[in-house]
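Hi there,

Here is the structure I promised to pass on to you. Please have a look at it first, and then read my notes below.

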Amino acid sequence: MREIKGVHQSSSDLTKRWFSDLDSDLFLWSNSNEEIKAFQFSLRKRNIETAIKWGETDGVTLYKVDDGAQPGKHPGTPLLLEDNEIDIELLSEAIDIKLAQQHPDLHQFITSKIISD
């Protein structure tokens with residue numbers, strides 16, 4: 001995964017970082033001390049996108065992604081739909097593959113949050 005530079009920042013007190021490759025995205029939100037306060041990892045597998053989110057206050061939540069596709073219409077906005085039936089082991093394996101070598105600190109942090117929740 002490579003980091004995308006020049007990510008649009010909202011007006012919040014948190015800085016957003018974005019890492020991406022062909023079939024996954026990782027977003028991180030950090031405070032001014034560079035402490036990670038939230039993350040979202042999305043994985044597209046067999047055309048069904050899934051995501052895992054973690055936040056300091058909410059902990060871990062699993063989602064499937066409704067891509068907003070509507071036959072015969074313009075696509076809508078993708079939505080995260082909570083889905084506790086998602087295979088967390090599949091997401092964990094993808095995180096291992098995508099982050100362990102290139103971004104070991106991020107890998108350790110994210111893995112620790114998934115395991116502890």
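What follows covers a pocket and a pair of helices. Please keep in mind that this is a predicted model.

The largest pocket has a volume of about 160 Å³. Its lining is made up of 13 residues, and the closest to the pocket centre are Ala38, Lys53, Trp54, Gly55 and Asp58.

Now for the helices. Helix H1 spans residues 88-99 and helix H2 spans residues 104-116. Their axes come within 9 Å and cross at roughly 165 degrees. An angle over 145 degrees counts as roughly antiparallel, so H1 is roughly antiparallel to H2. The crossing of H1 past H2 is left-handed.

Which residues of H1 and H2 make the contact? On the H1 side they are Ile88, Ser92, Ile95, Asp96 and Leu99, while H2 brings in Pro104, His107, Ile110, Thr111 and Ile114. Sorted by type, the residues of this contact between H1 and H2 divide into six nonpolar, three polar and one charged.

Best wishes

Terms used. Residues numbered from 1 in each chain as written. Predicted model: local features only at pLDDT ≥ 70, side-chain atom pairs only at ≥ 80, totals over all residues. Heavy atoms only, no water. 1 Å grid on protein atoms, 1.4 Å probe; cavity = no way out; pocket = protein on both sides within 12 Å on 5 of 7 lines; lining within 4 Å. Points joined across faces, edges and corners; volume = space filled by probe spheres on them. Axes fitted to C-alpha atoms, helices over the stretch in contact; angles between N-to-C directions. Helix = DSSP H or I, 4+ residues; strand = E, 2+ residues; numbered from the N terminus. Parallel < 35°, antiparallel > 145°, perpendicular 65-115°, else oblique. Left-handed = near helix turned anticlockwise from the far one by under 90°. Contact = heavy atoms within 4.5 Å. Nonpolar A, V, L, I, M, F, W, Y, C, P; charged D, E, K, R; others polar.
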